[in-house]
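Subject: Structure for your review

Dear colleague,

Please find below the structure that I am handing over to you.

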Amino acid sequence: MIRNYLTIAWRNLIKNKASSFINIGGLAVGMAVAILIGLWVWDELSYDKGFENRDSIALVMDNQLINNEIQTWSTSAFPLADGLRSNYGSSFKHVVRAVYTDDHIITYGDKKVVKRGNFMEPGVTDMLSVKMVKGSASLNDPASVILSELTAKAIFGDADPLDKVIVIDKKLNAKVTGVYQNLPENSSFGDLTFIAPWDMLANSEHFATRFNNPWGYSWFQTFVQLADNTTMAQASAKIKYFKLNTLKGLHSGDARFGSNLFLHPMSRWYLHGNFKNGVNAGGRIQYVWLFGIIGVFVLLLACINFMNLSTARSEKRAKEVGIRKAIGSVRAQLVAQFYSESLLIALIAFFASLVLVVFCLPEFNQLADKKIAILWNNPVFWILGISFSLFTGLIAGSYPALYLSSFQPIKVLKGTFKVGSLAALPRKVLVVIQFAVSVVLIIGTIVVFQQIQFAKNRPVGYSRNNLLNVSLQTDDLNKQYLALKNDLLASGAVINVAQSQGQITDMYIGAGGFTWPGKNPGVQEQFSTIAVTADFGKTVDWKVKEGRDFNQAFISDSAGFVINEAAVKFMGLKHPIGETVNWNGNGNFKIIGVVKDLVSQSVYDVISPTLFYLQRRQQLSNVALKINPLVSMHYAVAKINTIFKKYDPSASYTIQFVDEEYAKKFTGEERIGKLATCFAGLAIFISCLGLFGMASFMAEQRIKEIGVRKVLGATVFNLWQLLSKDFVVLVIISLFIASPVSYYFMHNWLQNYQYRTEITWWIFAVAAAGALTITLLTVSYQSIKAALANPVRSLRSE
């Protein structure tokens, strides 16, 4: 009997090729989208789950009152780790001090590679359950280093790396004592390709001279692993005021900022990394929810198509039901027949969706910047996929199975049976839902791209054209900077050269302890303080609003500030030029100029109050170069490389195009926008498939009515209008539903950005015009085809 059901189901699919293609194709596309999004969500939720101690690992973070708001910092001063160990040792298995994972030059003989690594305390290998391939995981020897398998392969090839001596950043000698398995890529430590001991860095001359005030530099990270008898809440409560009490005991001026230490669990680093006013305010989890909801809705659209077309087509089979009942079929057999057809279509669509996913996954990975693989060996994947297919088949088949099987055969075969006027109502409701979801996705996509464009059009306060930044990774070039600068200017390829404490697209070094005329004693300020050379403003072409730029001819400029508009506003200075600002421990500085705000951090945040001053004793790690517009960029870069290698043959520097570095600030939002566009396009495609099928069914159902109207004089335009009107009305209703819903969600999304666009009326107008145009184009083919048909063919049997 089951074989008979499946045979008939297959014959029906072959008989109605167009509707079968729309049914299977639409459902397969919807399922493929859902699978892709499901794999992406799985990948996001799996982040950092590759570590055995994940639930007990945390980062020490700090809430401070700065510039009249609570700011949350993931950095800490390096003495904090010792303090936690000595005062709260029973609460922690490990306390690990580290710098940020960064690029480092590793040299072995004539071979040089750039790898990302960190300087960390010995407990990190136990904390992260580092698995050794060879050698020891110990970091107790300050002159040792352990490498990942990839790094060992890149440096030594197939040779044994143990006991070989490498040089890190041209100044730190380290003996390889171990090789560990590559850490999970889908993790916060996925790029940790070598681990050097903290003491190697702490014992270096560079470290000792730079951090002579231990609690004054919060440039490090402190990781902890909880003891077995301690919870995150308990440990956070214990350490909350440790730093503040320590600073007060040292009579440090930094105590004025306050300090509330707390533990941020590893399980929340990636998805819940944003803080607002000292409170966790989400993070990437919002995108997990966003795309999860999109996946559900796209799948819903495909299911609506399936159900609409299944129910519409099933009404044509009323006579088949009557004949089957007349020759002895019972209702249960008819129910089984209709269910078997729906389940067959759903299962075919599921396996077709897997084929689509296999073909689309490489492009999807590139678009999403992921390395996702299909979970072929995961039973949960198959259980969910097949269960959903069965569920969809049962839901879509329920109408014909339960409703049509209840028909009385005598009425059907006599021709007195009529489908009720309300039979089409569920289908109309489903079409409205379908287009409402599609319009919400369209509006959301437009708002995302409008926000990106709004940020791109933001005045940046300097010129990115022909501007290069060279990051110096060792001190060798710094020591020869003046000779290097003269050679660059003499080459003709460069017209301006300057140094700065950070590259212009990423400059922030926080400092406090300032007083100025009219300062409110209760203000706990923090400025971004950037050391530059005198030619910096001319090189980046910043815009001087008041006063003047730095000038090497004026010795007094060594005690001068050029400040930005945000600093003027924060300080409340009506006439800033000539005002004196005292910087605790550094003396008095006179404000000589005000420049327009420079966008040097996030393009979506407010500009930090910034003070620029001339370089004193510190080494500056970035060189800004203004390329001569009369020479080609290729020629200029070649010249620059030649000159730099003259002073540093090992080429321990990185040339960056400032416009490209600035464009990277939009990468995350642009990726979200492209994914949203892709999914919105597929949602529209699925909706149009369903609309096309419904229009085809309605035209077929009303073929005799159309013939009569043509005979009575109706024009093609009259008939097109008649057949299209119902669908246009449904789409208009969906627009009224989608507009407030999309406004609510996108307005809330924009609140994540301090510099944000407005949701204007034209966005809804464009979405409405687009939806109506797509509807008319989709429906018109079937409408015009029906209107142009010869009425003789449809009426000759009457």
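This is a predicted model: local features need pLDDT of at least 70, side-chain atom pairs count only at pLDDT 80 or more; totals for chains, interfaces and linings use all residues.

Overall composition

The protein chain contains 26 helices and 26 strands. Of its 798 residues, 50% are buried. When contacts between residues at least 6 apart in sequence are considered, 79% of them join residues at least 24 apart.

Strand 25

Strand 25 covers residues 622-627, and six of its six residues are buried, so the strand is largely enclosed by the rest of the structure. In a regular strand, side chains alternate between the two faces of the sheet. Here, Asn 622, Ala 624 and Lys 626 point one way from strand 25, while Val 623, Leu 625 and Ile 627 point the other way. Residues on both sides are buried, Lys 626 among them.

Two strands are joined to strand 25. Strand 15 (residues 467-472) runs antiparallel to strand 25 and is connected to it by five bridges; within this pairing, Leu 468 stands opposite Leu 625. Strand 16 (residues 494-500) is also antiparallel to strand 25, with six bridges between them. Here Val 623 of strand 25 is the bridge partner of Gln 499.

Helix 5

Helix 5 spans residues 149-156, and its buried residues include Thr 151, Ala 152, Ile 155 and Phe 156. Viewed down the helix axis, the buried residues lie within an arc of 100 degrees, so they line one face of helix 5. As background, an α-helix has 3.6 residues a turn, so residues three or four places apart point the same way. The buried residues of helix 5 pack against strand 4 (102-108), strand 5 (111-120), strand 7 (144-148), strand 8 (165-168) and strand 9 (172-180). Just after the helix, Gly 157 adopts a positive phi of about 65 degrees.

Helices 17 and 20

The axes of helix 17 (residues 481-490) and helix 20 (residues 633-647) come within 10 Å and cross at roughly 155 degrees. Because this angle is over 145 degrees, helix 17 counts as roughly antiparallel to helix 20. The crossing of helix 17 past helix 20 is right-handed. On the side of helix 17, the contact is made by Ala 483, Leu 484, Asp 487 and Leu 488. Helix 20 contributes Ile 640, Ile 643, Phe 644, Lys 646 and Tyr 647.

Yours sincerely

Terms used:
Residues are numbered from 1 along each chain as its sequence is written. Side-chain values use heavy atoms; hydrogens and water are left out. Buried means under 20% relative accessible area, exposed over 50%, partly exposed in between (1.4 Å probe, protein chains only). Helices (H or I, at least four residues) and strands (E, at least two) are DSSP runs, numbered from the N terminus. Two strands pair if DSSP finds at least two bridges between them. The arc is that of the directions from the helix axis to the C-beta atoms. Contact means heavy atoms within 4.5 Å. Axes are lines fitted to C-alpha atoms, for helices over the stretch in contact, and angles run from 0 to 180 degrees between N-to-C directions. Angles under 35 degrees count as roughly parallel, over 145 as roughly antiparallel, 65 to 115 as roughly perpendicular and the rest as oblique. A crossing is left-handed if the near helix is turned anticlockwise from the far one by less than a right angle, and right-handed if clockwise.
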